[in-house]
Amino acid sequence: MSDHAPIQSANAGSQTTYDVAIVGGGLSGGLIALALHQARPEFRIALIEAGKTLGGNHRWSWFSSDLSEEGHALLSSFRKDRWEDGYDVRFPKYQRKLATGYNSLSSVNFHERLTRALPQGTLHLGRRASGIDARGVDLDDGSRINARSVIDCRTFTSSKHLNGGWQVFLGRHMTLEKAHGIARPVIMDASVDQVAPHGNGGAYRFVYVLPLGAHDVFVEDTYYADDPDLDRSALSARIDQYCHQSGWKDGTPMGHESGVLPVLTGGDFSAYQDEVRIEGVTIAGARGGFTHPLTSYTIPMAVENALAIAQEADLPGPQLAAMMEVRARTHWRKTGYYRLLARFLFFAAKPEKRVNVFQRFYSLREGLIERFYTGKSTGFDRVRVLWGNPPVSIPRAIAAMFKRGKPLKPEKTV
């Protein structure tokens, strides 16, 4: 018998003790479950999700250059949209096509693939965790799932120890009566008005467009804001306006998604880890700090962490938790440069002029842009982004270097 085969809990009668219990069936939790199953098919895994489906209502996208060969292999079995011909960006002063391949995965396809790939008994949907400890998970129906190792992949929570702004967005998938004529994704159309909803001041705003088929298009209105308020009706009206200006009429809505993501400018990460830590429990995903501070991207980190956890699957729970805490601190240290850029964006650039920061960035070399998104900018890349004709004044930039920003407060949806 394998040392890690499921065993019976002495205190729970016939109740099974799992090798690993994962709380949260979003991107991070689902990929960890898949990577563990592929690496150790004999493991018994419990993937616990409060919702009725895995992945919630989201769409995750990434550049082909973001992932290693192993990372691409982990995602290879998911049905996804792919554009090998690159993508476009649009700004007030220019448009540009970049050659890097682009990919997008819907939560519907995420759920369908994991439902087929993971063994029967792995998924525990519609079950909310009421308590987590190093030996298992208590559920709100009074039952308990015992496990040798527990991984917390619940969503990010605001904290007084982390500072920054927010990326607010609303997206709509539509089927149009006439073909839209878009060949490639437009990942950033910042030629639109640079205003917050209802015209309340400036904000860096762009529209994100994915051609999902000849008649299917996904349009998302996004802006960087100082506050996390999500006004669905205002953003929906802006999508209507964008579609009208693009000549896309009589579209049938097929789905929506919305979100408020943190854009980190600084903070006390050790204090944050103390705040979210549960002794002996591994923390992954955005809750563990594994995001790109400026873009809020999570795919590269989620994939790398899933592979790392699968590689160290034999570690006892407390050791795995310690390993991931070290990875989180290393990630925080290595991404300090991007938090500096986020401070420039929020504190050095006037809201209505924030578009100039990205407009200048996208005029740089393609390899630099690729490394930026994956969080692996070289020393020369970092100098090049700041060198030359900066989009913000030098005095304001110097002042921004020493500001950390407001503590992240919970978002408000209206």
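Which residues in α1 meet Phe 110, Leu 114 and Ala 117 in α3? In this predicted model, the α1 side of the contact consists of Leu 27, Gly 30, Leu 31, Leu 34 and His 37. The residues of this contact divide into six nonpolar and two polar, with no charged residue. Helix α1 spans residues 27-39, and helix α3 spans residues 107-117. Their axes lie 11 Å apart and form an angle of about 30 degrees. Angles under 35 degrees count as roughly parallel, and α1 and α3 are therefore roughly parallel to each other. Their crossing is left-handed.

Helix α6 covers residues 299-311, and helix α7 covers residues 317-334. The two pack at an angle of about 150 degrees, with 12 Å between their axes. Angles over 145 degrees count as roughly antiparallel, so this description applies to α6 and α7. The crossing of α6 and α7 is right-handed. From α6, the contact draws on Met 301, Glu 304, Asn 305, Ala 308 and Ile 309. From α7, it draws on Leu 320, Met 323, Met 324, Arg 327 and His 331. Six residues of the α6-α7 contact are nonpolar, two are polar and two are charged.

The strands were considered next. Three of them form an open sheet in the order β4-β8-β5, and their pairing is antiparallel. Strands β4 (59-63) and β5 (81-83) stand at the edges. Each has a single partner strand, so one side of each is left without a neighbour in the sheet. From one strand to the next, the twist averages 15 degrees. Strand β8 comprises residues 102-106 and is joined to β4 by five bridges. These two strands run antiparallel. Ser 61 stands opposite Ser 104 in β8.

Strands β6 (residues 87-90) and β7 (residues 95-98) also run antiparallel, joined by four bridges. A hairpin of four residues leads from β6 to β7. Arg 90 has Gln 95 in β7 as its bridge partner.

The mean for the protein is 90, and 89% of its residues reach 70 or more. Over residues 1-14, pLDDT stays under 50. The model has 24 contacts beyond four places in sequence for this segment. Where pLDDT is low, the predicted coordinates should not be read in detail.

How values were computed
Residues are numbered from 1 along each chain as its sequence is written. This is a predicted model: local features need pLDDT of at least 70, side-chain atom pairs count only at pLDDT 80 or more; totals for chains, interfaces and linings use all residues. Side-chain values use heavy atoms; hydrogens and water are left out. Two strands pair if DSSP finds at least two bridges between them. Axes are lines fitted to C-alpha atoms, for helices over the stretch in contact, and angles run from 0 to 180 degrees between N-to-C directions. Angles under 35 degrees count as roughly parallel, over 145 as roughly antiparallel, 65 to 115 as roughly perpendicular and the rest as oblique. A crossing is left-handed if the near helix is turned anticlockwise from the far one by less than a right angle, and right-handed if clockwise. Contact means heavy atoms within 4.5 Å. Ala, Val, Leu, Ile, Met, Phe, Trp, Tyr, Cys and Pro count as nonpolar, Asp, Glu, Lys and Arg as charged, and the others, Gly among them, as polar. pLDDT is the predictor's confidence in each residue, from 0 to 100.
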